[in-house]
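This report describes one protein model for a reader who has not seen it before. Please look over the sequence and the structure before reading on.

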Amino acid sequence: MNITFNELRTIKDSLPDGSIHRIARELDMNVESVWNYFGGYSEPGAGGGVVALDDTRILDLAKKILDERN
C-alpha cells in the first residue's frame, strides 16, 4: 500500500493519547517500532513523499482507534 507521508503523519497526530502504546501492545511489538512506522523512510514528492507500506497492521489498527473515537 502507498500513502503520502503527510497522510501518515496526520493519522498519527490524530490518535488519542496512549494509542502508540496500545498499538504496540495489541500487535506484540515494541513502542519504538510503532513510532518508526509513522516517521520512517519516504520518497521525495508531493504530500511529503510517498511511503510504501508492506505491512498495514499498524495503520489498520490506528484507523480502527480513530473510528472508535467517532
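## Overall layout

The model is predicted, not determined by experiment. Its secondary structure comes to four helices and two strands, and along the sequence these follow the pattern β-α-α-α-β-α. The protein has 70 residues, of which 34% count as buried.

Among contacts with a separation of 6 or more, 70% are between residues 24 or more positions apart.

## The nonpolar core

The largest nonpolar core is made of 21 residues, and L15, I23 and F38 have the most contacts inside it. At least two residues of this core come from each of helix 1 (5–14), helix 2 (19–26), helix 3 (31–39) and helix 4 (57–69). Helix 4 gives the largest share, six residues.

What does I23 touch, leaving aside its neighbours within four places in sequence? Its contacts are L15, V34, I58, L61, A62 and I65.

## Helix 4

Helix 4 has 13 residues. From its first C-alpha to its last it reaches 19 Å, close to the 18 Å expected at 1.5 Å a residue.

The buried residues of this helix are I58, L59, L61, A62, I65 and L66. Seen down the axis of helix 4, they fall within an arc of 165°, so they line one face of the helix. These buried residues pack against strand 1 (2–4), helix 1, helix 2 and helix 3.

In helix 3 the buried residues are V31, V34, Y37 and F38. Viewed down the axis of helix 3, these residues lie within an arc of 120°, so they too line one face of their helix. Their cover includes helix 1, helix 2 and helix 4. The exposed residues E32 and N36 are carried on the face of helix 3 that is turned away from the buried side.

The structure holds one aromatic pair. The ring centres of Y37 and F38 are 5.6 Å apart and the ring planes are at 80°, so this pair is edge-to-face. Y37 has a relative accessibility of 15% and therefore counts as buried.

K12 is found in helix 1. Is K12 buried or exposed? K12 counts as buried because its relative accessible area is 14%, and the limit is 20%. Leaving out residues up to four places away in sequence, K12 touches I20, W35 and F38. The side chains of K12 and D13 are joined by a polar contact of 2.9 Å.

S19 lies in helix 2. With a relative accessible area of 4%, S19 is also buried. Its side chain reaches the backbone oxygen of P16 at 2.7 Å.

D28 is found in the loop between helix 2 and helix 3. It has a relative accessible area of 74% and is therefore exposed. Most residues other than glycine have a negative phi. D28 is not a glycine, yet its phi is positive, at about 55°.

D54 is found in the loop between strand 2 (50–52) and helix 4. At 83% relative accessibility, D54 counts as exposed.

How values were computed. Residues numbered from 1 in each chain as written. Heavy atoms only, no water. Core = buried A, V, L, I, M, F, W, Y, C linked by side-chain atoms within 4.5 Å. Buried < 20%, exposed > 50% of the residue type's maximum accessible area, 1.4 Å probe, protein only. Contact = heavy atoms within 4.5 Å. Polar contact = N/O pair within 3.5 Å; in protein donor to acceptor, adjacent residues only side chain to side chain. Expected span 1.5 Å × (residues − 1). Arc of directions from axis to C-beta. Phe/Tyr/Trp six-rings, centres within 6.5 Å; stacked < 30°, edge-to-face > 60°.
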